[in-house]
Amino acid sequence: MNDDRTGLTEQMLGRHGLFFYPIYALLARILSRLGYRFLHTHIWLIEDFGQLAMDLDVYLKRQILSGRKVKPILLVDGRTPANEALLAHWTRYIHVVRSRAMNVLLRPFLQFPEVVDVIPAYSIAQGGASHNHEIQRLWGDRPPLLQLSEAEIAKGEEQLRAWGMPEGAWFVCVHSREGGFKPVHDWAHSFRNSRIDGYREAMREIVARGGWCIRVGDATMEPLAPAPGIVDYARSPAKSAWMDIFLLARCRFVLGNTSGVFIISGIFGKRSALANMAPIGAAYSLFPGDITIPKLLQDASGRTLSFGEALADISSEYYLTTEFAEQGLRHIDNTPHDIAELGVEMMDRLEGKFVEDPDDAELQARFRALMRPEHYSWHSAGRIGAAFLRRHRHLLDALAPLEKGHHGS
């Protein structure tokens, strides 16, 4: 008998744990043979919107790709889900246990490896390539695991009509990460933020093409000035967990940035055009078909680093604003024109109208060749925005000497 495991079980069940241990051990063997697996997750998986989407999607796709048939069980264990509607969608594949009493009774099974599947925190992988990108690349163009029901679509369409959107109109979800949603953490990740003003030119392009723009997010965000074809849903009284999922699952694509909002659209099979990606080692999106453009990086003298310099430097793997500041590095947001071109490219590609320049493939290959296996998005099958690479082709030149104090490899 494993003394350590017995001790943990006794702690979970109180002073009678030692008595119940043989029963749990027997039941664990039976449940294992029947294919049941209790999901051992990172503490944030249930409480973080992006992780609730990404980590479960990757876990399930990994099982399907490997041909492994399991019956997953997720213990909510008193935690508040980041989005109840999204968790409800996962119940199609995962048995979610909410009852506190059942959580207490079932929690000891987490001590038996034969009946446990550990889900790593794919979305916060650091110090190496994200396996999430690898699984999404291998999944390719297979259908998404999640989809809206006809009843959900009908309900959501009613709200779209209430905003004045004509029947049959299409829309894009727009999101730019700000610091208000998680202010306690913003000191660490403020380099990933950007102003919504930078997306206005792109929104005008979308409206000119006959689409609508629905800004998603939370009520702490900078207000959007009223404009035809634009809905500031983030600050709307219509905002709800259910409507969040409907919009992100129903949009034509997401025009966003590094925030995990785009992941929800991705797991429902929608594409994303993502600007202001940082750090540059995470320049690519998670999903095939997505298009991204990274923030540029300047050193203490104000010189813009080439892509080769930026990707060879250890800062390409930084995840804290303070790390960049200590090295005298500063991120430069993409220009409104950069973002508008990105949105136009996505619209053109979805409509089958995009025309590649003769050297586009070479520029894509040159940027890709600068990525290393240590970079977060190493496995990604995404693309960098074509117009962005054309404009900044000079930053694809051969490596320049790294600035003193940087730690290239």
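1. A cavity is a set of points, on a 1 Å grid over the protein atoms alone, where a 1.4 Å probe fits but cannot get out, and lining residues have an atom within 4 Å of a point. A volume is the space filled by probe spheres set on the points, with grid points joined across faces, edges and corners.

2. This is a predicted model, in which local features need pLDDT of at least 70 and side-chain atom pairs count only at pLDDT 80 or more, while totals for chains, interfaces and linings use all residues. Residues are numbered from 1 along each chain as its sequence is written, and side-chain values use heavy atoms, with hydrogens and water left out.

3. There are two cavities of 30 Å³ or more. The largest cavity has a volume of about 80 Å³. It is lined by 13 residues, and I280, K295, L296, L297 and A310 are the closest to its centre. At least two lining residues come from each of β11 (296-298) and α12 (307-312); helices (H or I, at least four residues) and strands (E, at least two) are DSSP runs, numbered from the N terminus.

4. The second largest cavity holds about 40 Å³ of space. Eleven residues line it, and S316, E317, Y319, E374 and Y376 are the closest to its centre.

5. Strand β6 (residues 212-215) pairs in the parallel sense with β5 (residues 171-174) over four bridges, and with β7 (residues 230-231) over two bridges. Two strands pair if DSSP finds at least two bridges between them. W212 in β6 is the bridge partner of F171, and I230 in β7 is that of C213.

Notes:
On a 1 Å grid over the protein atoms alone, a cavity is a set of points where a 1.4 Å probe fits but cannot get out, and a pocket is an open set with protein on both sides within 12 Å along at least five of seven lines; lining residues have an atom within 4 Å of a point.
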